[in-house]
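Hello,

Here is the structure I promised to pass on. Please have a look at it first, and then read my notes below.

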Amino acid sequence: MKDVRLDSNALEIVHRLRDAGFEALLVGGCVRDLVMGNDPKDWDIATSATPDQIKRLFRRCRSVGAHFGVMMVTEFGTPYEVATFRTDGCYSDGRRPESVEFATMEEDIRRRDFTLNGLMLDPAADSLSAGLIDLVGGKADIERKVLRTIGNPDDRFREDHLRMLRAVRFAARLGFRVECETFESIRRNAPAIKEIATERITMELDLMLRGENPARAFLLLSESKLLAEVLPEVEAMREVPQPVQFHPEGDVFVHTLLALEYAQPGGPESLYWACLLHDVGKPPTLEWDGERPRFSGHDALGVTMADELMHRMKLPGKTIEVAKSLIAQHQKFMYLKEMRKAKLRRFLLQDHFDLHLALHYADCQSSHGKLGNYVFAKEQLEQIARDDEKTVVPAKTRIVTGDDLVALGYRPGPVFKEILEAAYDVQLEGGFESKEAAILFVKEKFPLTAS
Ligand code: ATP
Ligand code: MG
C-alpha cells in the first residue's frame, strides 16, 4: 500500500487466508488508527474462515477462551487476533450475547460498537482510500471527530451496557465529541451500567486513568451521568468550593481532573487512583470559617472513603495499600521544612516515595503552582545521596538491628523498638561515625539491667 505502512505479519496472515480461498481483511482499531494517521498498536484480522479452517493454516494458534470464533495466531512472536465474521446472538442480560453465529462481512461490521471502529481494510489495495470498506460512515465521522454508535444508540447500549464506558474512553482518548443522540442515549441508559461486572467497569476506568486525556474522560463520565453511578464519591466533588488563594483553578472536581493531567505518564495504577481520590474526603468535611471553606481531616476521612471505594471496585490489595498511603500523607509536604532532620529523612526514605512526590507535584501544579516543597524534597534526597557516600551505612539501612541487640544481651520486647528507633534517629541526624559508635550509644543510653 503506497500511502501507509502495514505490518508485515498481518499482511502474511491475510495472504495466507486468501490463498486458501477465504476472505480476509484488517479490521477495527488498526484501520481507525491508519485513517487517523496514527501507528496502530495491534493489528486485528477478520475472515470468512472458521476457527477450524484457521487452525489448519497456522502452525501456532489457539482459540481465545472468552470470545467464541476468535483465534490468536502466535507463530510470528507477537499474537494476532484472527476472528471469523460473526454476529452476536441476542443479548438478554445487557452484558454478553447468549450465542454467536458465523455471518457475512457486512453483518460483522454492523455488530461493532462505533462507526470509527466499524471500518475494514483490504491490505492488497493500492492505497488506503481504495482499500477502505466503510459501510457505516466511519471515515466521515473520524474526519469530523465524532463518536457515534452503529445503529440506534438505545438498542446498542441496551445490548451491551459496557459500550457506554467504551464510548467515553474512545472519545476522551481521541479527542472526539460524542454525537448528540449517542450522548443523550448514554445519559438515559447510565443507571444500567451497574449491571455490568465490577471488574469490567474497573478495567475501563483504569484505561481512562492511564490514557491520554484522563481529565476529559472524567468530565465526560460526569456529564454522561455515568460517574454518579460508578463513583458517586467522585461526582460529589463537583461544585464543592475551595479557598481561591490556594485553589485559583476552581472546585474540588476541577482540581482533581487537573491533577490527573499532571500525574506522570507511565506511572502505576496506585498513583492514578490516589490522584483521583486524594481529595475525596473534602465534600463531606466542608465547613465554613466565615467566608473561607475548610476541610479539616479530609485526608484521614479520604483514606477511609478511598478504602471502601477501591475495595468495592475490586482493585488489587497492593494497589489499595499504596494508594491509601499516598492519600494519607499528601498534606504532609506542607510541613517538610519544619520537620526535624530525622523525621524528614524517615519521610523521604519511605517505600514508594517517588509516588508520594509525583502526587504532590500533580497536587501543586493543579492548584497554586508553587513547587517550593517539591524542590526542597528533591534537594534533600540529593543531600542524602551525598551523605551516603561518606557514611558507613546508607541512611535507608538501619545501623543497629534487632540481631545486634540480641547479641548484646537485650531481651526481645517493647523496649527493642524504642532502642532501635532511638539509634535510627541519631543515625539519620548524622551522629554515628561507625557501627561501634552506634553500639556504644545503645549501651550508654539503655544500660542492661542486672536481671
Ligand atoms: P484499542 O486501540 O483500544 O485496542 P480497538 O478498536 O482495537 O481499540 P478493542 O477493544 O481491541 O478496541 O476491540 C476491537 C474491535 O472489536 C473494536 O474496534 C470494535 O469493532 C469491536 N468491539 C470491541 N468491543 C465491542 C463491544 N463491546 N461491542 C461491539 N463491538 C466491540
Ligand atoms: Mg484492540
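A term to start with: a polar contact is a pair of N or O atoms within 3.5 Å; within protein, one must be able to donate a hydrogen and the other to accept it, and residues adjacent in sequence count only if both atoms are side-chain atoms. This is a predicted model, so local features need pLDDT of at least 70 and side-chain atom pairs count only at pLDDT 80 or more, while totals for chains, interfaces and linings use all residues. Residues are numbered from 1 along each chain as its sequence is written, chains are lettered from A and ligands numbered from 1 in the order in which they are written, and side-chain values use heavy atoms, with hydrogens and water left out.

**The ligand**

Let me begin with ligand 1. An N or O atom in the side chain of aspartate 160 is 2.8 Å from a nitrogen atom of ligand 1. The side chain of arginine 166 also has an N or O atom at 2.9 Å from an oxygen atom of the ligand. Aspartate 113 takes part through its backbone, where an N or O atom lies 3.2 Å from a nitrogen atom of ligand 1. Taken alone, the ligand exposes 590 Å², and the protein buries 79% of that (accessible areas come from the Shrake-Rupley method with a 1.4 Å probe; for residues, only the protein chains shown count as cover).

Which elements give two or more residues to the shell around ligand 1? They are helix H2 (29-36) and helix H8 (162-174). For reference, helices (H or I, at least four residues) and strands (E, at least two) are DSSP runs, numbered from the N terminus. H8 provides the largest share of the shell, five residues. In total, 14 residues surround the ligand, and the closest are Arg32, Lys41, Asp160, Arg163 and Arg166 (a residue is near a molecule or strand if one of its heavy atoms lies within 4 Å of it). Sorted by class, the shell has ten charged residues, three polar ones and one nonpolar. In that count, Asp, Glu, Lys and Arg are charged, Ala, Val, Leu, Ile, Met, Phe, Trp, Tyr, Cys and Pro are nonpolar, and the others, Gly among them, are polar.

**Strand S1**

Next comes strand S1 (residues 24-27), where Ala24 and Leu26 point one way, Leu25 and Val27 point the other way, and all are buried. Buried means under 20% relative accessible area, exposed over 50%, and partly exposed in between (1.4 Å probe, protein chains only). S1 runs antiparallel to strand S2 (residues 44-47), with four bridges joining them, and antiparallel to strand S8 (residues 120-121), with two bridges. Two strands pair if DSSP finds at least two bridges between them. Valine 27 stands opposite aspartate 44 in S2 and opposite methionine 120 in S8.

**Salt bridges**

How many salt bridges does a search of the whole structure find? There are 34, each being a side-chain nitrogen of Lys or Arg within 4 Å of a carboxyl oxygen of Asp or Glu. Here are some of them:

- Aspartate 307 and lysine 324 meet at 3.0 Å, N to O. This pair links distant parts of the chain, from helix H17 (residues 298-312) to helix H18 (residues 317-329), 17 residues apart. Aspartate 307 is partly exposed, because its relative accessible area is 22%, and lysine 324 counts as partly exposed at 26%.
- Lysine 282 and aspartate 279 meet at 3.5 Å, N to O, and both are buried.
- Arg340, Arg346, Arg398, Glu421, Asp425 and Glu429 are linked in a network of salt bridges.

**Other helices**

Helix H11 (residues 214-223) is mostly covered, with seven of its ten residues buried; among them are Phe218, Leu220 and Leu221. Just after H11, lysine 225 takes a positive phi of about 75°.

Two buried polar residues are worth a look on your screen. Arginine 156 sits in helix H7 (residues 153-159) and counts as buried because its relative accessibility is 6%. Its side chain makes a polar contact of 3.1 Å with that of glutamate 159. Asparagine 189, in helix H9, counts as buried at 10% relative accessibility, and a polar contact of 3.0 Å joins its side chain to that of aspartate 154.

Best wishes
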